[in-house]
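Please look through the sequence and the model displayed here before reading on. The report that follows takes up a loop residue, then a group of helices, and finally a pocket.

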Amino acid sequence: MILIDVSSILYRTVHVQVENIKNDVNLIAHSILQSLVYNTDRFGASKENPVIIALDSKSWRKDWYEENKTKFIELKNLSYKGHRTKSEDIPWDDIMKVYNSVMEGLSKYSDFHVISIHGCEADDIIAVASDYY
């Protein structure tokens, strides 16, 4: 089984190619698909070695963090990454429309198993899937 956190591909692509993406957000679709093809070929995707694409959803961690913020910061002296501000110079709304369209297309028209679970991040899905399989 090949487990892929496609959100990681998305954010890596955006931050590496930010200037190109500002000019053409459809570059996101090309970059995601190119990365998926490369990795599925590299690791030998097949009916016997299926691909699971894990998607991020609103994380339970944000709710937990808000409830335990003071204690968490005191104990760990850390801040949660979910509280970062959105980069105003990156067209996130347009990027997410393209991303969601690509994920919907992969879910409907490919042999990939595209999984999104409310309250779970992609790494949560991958952790359970890797333990299960």
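Once its neighbours within four places in sequence are left aside, S57 is in contact with S116, I117, H118, G119, C120 and E121. This description, like everything else in the report, rests on a predicted model. S57 itself lies in the loop that runs between strand 2, residues 51-55, and helix 4, residues 60-76.

## Helix 3 against helix 5

Helix 3 covers residues 27-42 and helix 5 covers residues 92-109, and the axes of these two helices come within 9 Å and cross at roughly 40 degrees. An angle under 35 degrees would count as roughly parallel, and helix 3 and helix 5 are therefore described as oblique to each other. The crossing of helix 3 with helix 5 is right-handed.

On the side of helix 3 the contact involves I28, A29, I32, L33 and L36, which meet I95, V98, Y99, V102, M103 and L106 in helix 5. When the residues of this contact are sorted by class, 11 are nonpolar, while none is polar and none is charged.

## Helix 1 against helix 3

Helix 1, residues 6-16, packs with helix 3 at an angle of about 130 degrees, and the axes of the two are 10 Å apart. That angle makes helix 1 oblique to helix 3, and the crossing of the pair is right-handed.

Helix 1 contributes V6, I9, L10, R12, T13 and V14 to the contact, and helix 3 contributes I28, S31, I32, S35 and L36. What classes of residue does the contact of helix 1 with helix 3 have? There are seven nonpolar residues, three polar residues and one charged residue in it.

## Helix 1 against helix 5

The axes of helix 1 and helix 5 come within 12 Å, crossing at roughly 140 degrees. Since an angle has to be over 145 degrees to count as roughly antiparallel, helix 1 and helix 5 are therefore also called oblique to each other. Helix 1 passes helix 5 in a right-handed crossing.

In this contact V6, S7, L10, Y11, V14 and H15 belong to helix 1, whereas W92, I95, M96, Y99 and M103 belong to helix 5. The residues of the contact divide into nine nonpolar and two polar, with no charged residue among them.

## The second largest pocket

Rolling a probe the size of a water molecule over the atoms shows where empty space is left. The second largest pocket has a volume of about 160 Å³, and its lining is formed by A45, S46, K47, N49, P50, V51, S110, D111, F112 and H113. By class, the residues of this lining are four nonpolar, four polar and two charged.

Note on methods. Residues are numbered from 1 along each chain as its sequence is written. This is a predicted model: local features need pLDDT of at least 70, side-chain atom pairs count only at pLDDT 80 or more; totals for chains, interfaces and linings use all residues. Side-chain values use heavy atoms; hydrogens and water are left out. Axes are lines fitted to C-alpha atoms, for helices over the stretch in contact, and angles run from 0 to 180 degrees between N-to-C directions. Helices (H or I, at least four residues) and strands (E, at least two) are DSSP runs, numbered from the N terminus. Angles under 35 degrees count as roughly parallel, over 145 as roughly antiparallel, 65 to 115 as roughly perpendicular and the rest as oblique. A crossing is left-handed if the near helix is turned anticlockwise from the far one by less than a right angle, and right-handed if clockwise. Contact means heavy atoms within 4.5 Å. Ala, Val, Leu, Ile, Met, Phe, Trp, Tyr, Cys and Pro count as nonpolar, Asp, Glu, Lys and Arg as charged, and the others, Gly among them, as polar. On a 1 Å grid over the protein atoms alone, a cavity is a set of points where a 1.4 Å probe fits but cannot get out, and a pocket is an open set with protein on both sides within 12 Å along at least five of seven lines; lining residues have an atom within 4 Å of a point. Grid points are joined across faces, edges and corners, and a volume is the space filled by probe spheres set on the points.
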